[in-house]
Amino acid sequence: MLAVLLLPGALRAFLPALIGRSALAMGGLALLLAVQDSTGSYTQAGFATAVFGIANVIAAPWRARAVDRFGQRTALTTMASSQAAGFIALALITATDGVAAIWFLVLSAVVGLTAPPLGAAMRMVWASLTTAGDQRTKAFSVDAICEDLLYVVGPVIITAVIVATSPNIGLWVTATAVFLGTAAMTSSASSRALRGTGRSGVRGDRPLRQPGFVRVLIVLLGAGGVLGVAEIAAPAVAAQHDAVAASGWLLAAFSGGSALGGFLYGQLNLKTGAGKRLFALCISMGLAAVVVSQLDALGLFAAGIALVGLFLTPSLITGYVIADAIVPETSQTEASTWINTSLNLGASLASAAAGIIIDRSGAWLALLLVGVIALACASAVPFTQLRKIEPHPDHTPDCCEQG
């Protein structure tokens, strides 16, 4: 699977993209701690973080559309420069006394709105470097696993920086990561080659207008729901067993299961079509959540939550493969972004609902309900529209064959 990293131009774009993408993994925590340190209020810090997250999600499809239209170098560097400037402005005002609270919210919105879609952009680079089928699935698997690891390592790194220095230095580090990472990625030959259409996308090319694409998003909405509930249920179960310290280990088990699933999925040479794969993965994830809802012992719950996570990254990878296959090239950055947006929206909605359910009835009911919902969403898989995505013959070109 790692052989895709040896393709000409792959590492030159991929490593800087990871640095740039680490800004999102670090930015939320850096923002929270900096605003709280400046204002002394977790309420204001929480509002600022929420504005950052909401602005990021709302603007995601439009940012991706800009990349498809203007090309990676122009669009991504403009966004990265704007986001870096926003983080720096936040660092400056958090170090200043007497700043009106509204400015924290305004600048939080700026850094959310301007976040460059480096993940989606990098997947377009992978698509340009690989052949459709097994090789591209392996590339998307490597990408997804590394992104998972970023969200494990990123908060640890930024916390260490903040503890050693100050919260506003954390914002400076985040700004540096997104600016330098994006600049280095977009200066690579494989990224520069993706110049964009130079025009507004044709309405018929838009991802949401492609037959079956919205139904794929509904399926992944259910998978995102399982993710959102798992992240709330794990600490709740730990607290129920008077083992709050185990919360981190339970979440690590879930993330570890997800990363392992992505690794194993990338190793397989699958013969089934993408629609059948997506259906099987999301059905398995829903059933696993239902089973875990009935587990009481902490050790069994840890193993079960890892099993639930096992299907998450493969579901996301399959979504990327489908988007790559059914959406016209002029809108593929936007399509890839919609895959992430659907998963994140499902997670956000489920997290909000899970808190209420867990307080009233316990984590078991939240897991049971979201498992059933995921099973229902899996039935939306558009098998007819996805039949054209057939498994490709076993042929992985040698790296020297890629131009």
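**Entry 1: Asp324**

I began with Asp324, which is buried, as its relative accessible area is 14% and the cut-off for buried is under 20%. A reminder to myself: this is a predicted model. I placed Asp324 in helix H13.

Which side chain does the side chain of Asp324 meet in a polar contact? I found Arg136, at 2.7 Å. Next I looked up what else Asp324 touches, leaving aside neighbours within four places in sequence. The list reads Ala127, Arg136, Phe140 and Gln332.

**Entry 2: the cavity**

How many cavities of 30 Å³ or more does the structure hold? I found one. The largest cavity has about 50 Å³ of space.

Asp324 turned up again here, as one of the residues that line the largest cavity. With it in the lining I noted Arg123, Met124, Phe140, Tyr320, Ala323, Gln332 and Ser336. The elements that give two or more residues to this lining are helix H5 (118–129), helix H13 (312–326) and helix H14 (332–361). Which of the elements gives the most? My note says H13, with three residues.

**Entry 3: Phe140 and Tyr320**

Two names from the lining, Phe140 and Tyr320, sent me to the aromatic rings. I describe a pair of rings by the distance of the centres and the angle of the planes. The structure holds four aromatic pairs. In one of them, the ring centres of Phe140 and Tyr320 lie 6.1 Å apart with the planes at 75 degrees, so I logged the pair as edge-to-face. This pair links distant parts of the chain, since I found Phe140 in helix H6 (residues 134–164) and Tyr320 in helix H13, 180 residues apart.

**Entry 4: Phe279 and Phe383**

I looked up another aromatic pair, Phe279 with Phe383. Their rings are 5.5 Å apart centre to centre, with 65 degrees between the planes, and the pair is edge-to-face. It too links distant parts of the chain: Phe279 belongs to helix H11 (residues 274–292) and Phe383 to helix H16 (residues 383–386), 104 residues apart.

Phe279 counts as partly exposed at 30% relative accessibility, and Phe383 counts as partly exposed at 33%.

Terms used:
Residues numbered from 1 in each chain as written. Predicted model: local features only at pLDDT ≥ 70, side-chain atom pairs only at ≥ 80, totals over all residues. Heavy atoms only, no water. 1 Å grid on protein atoms, 1.4 Å probe; cavity = no way out; pocket = protein on both sides within 12 Å on 5 of 7 lines; lining within 4 Å. Points joined across faces, edges and corners; volume = space filled by probe spheres on them. Helix = DSSP H or I, 4+ residues; strand = E, 2+ residues; numbered from the N terminus. Buried < 20%, exposed > 50% of the residue type's maximum accessible area, 1.4 Å probe, protein only. Polar contact = N/O pair within 3.5 Å; in protein donor to acceptor, adjacent residues only side chain to side chain. Contact = heavy atoms within 4.5 Å. Phe/Tyr/Trp six-rings, centres within 6.5 Å; stacked < 30°, edge-to-face > 60°.
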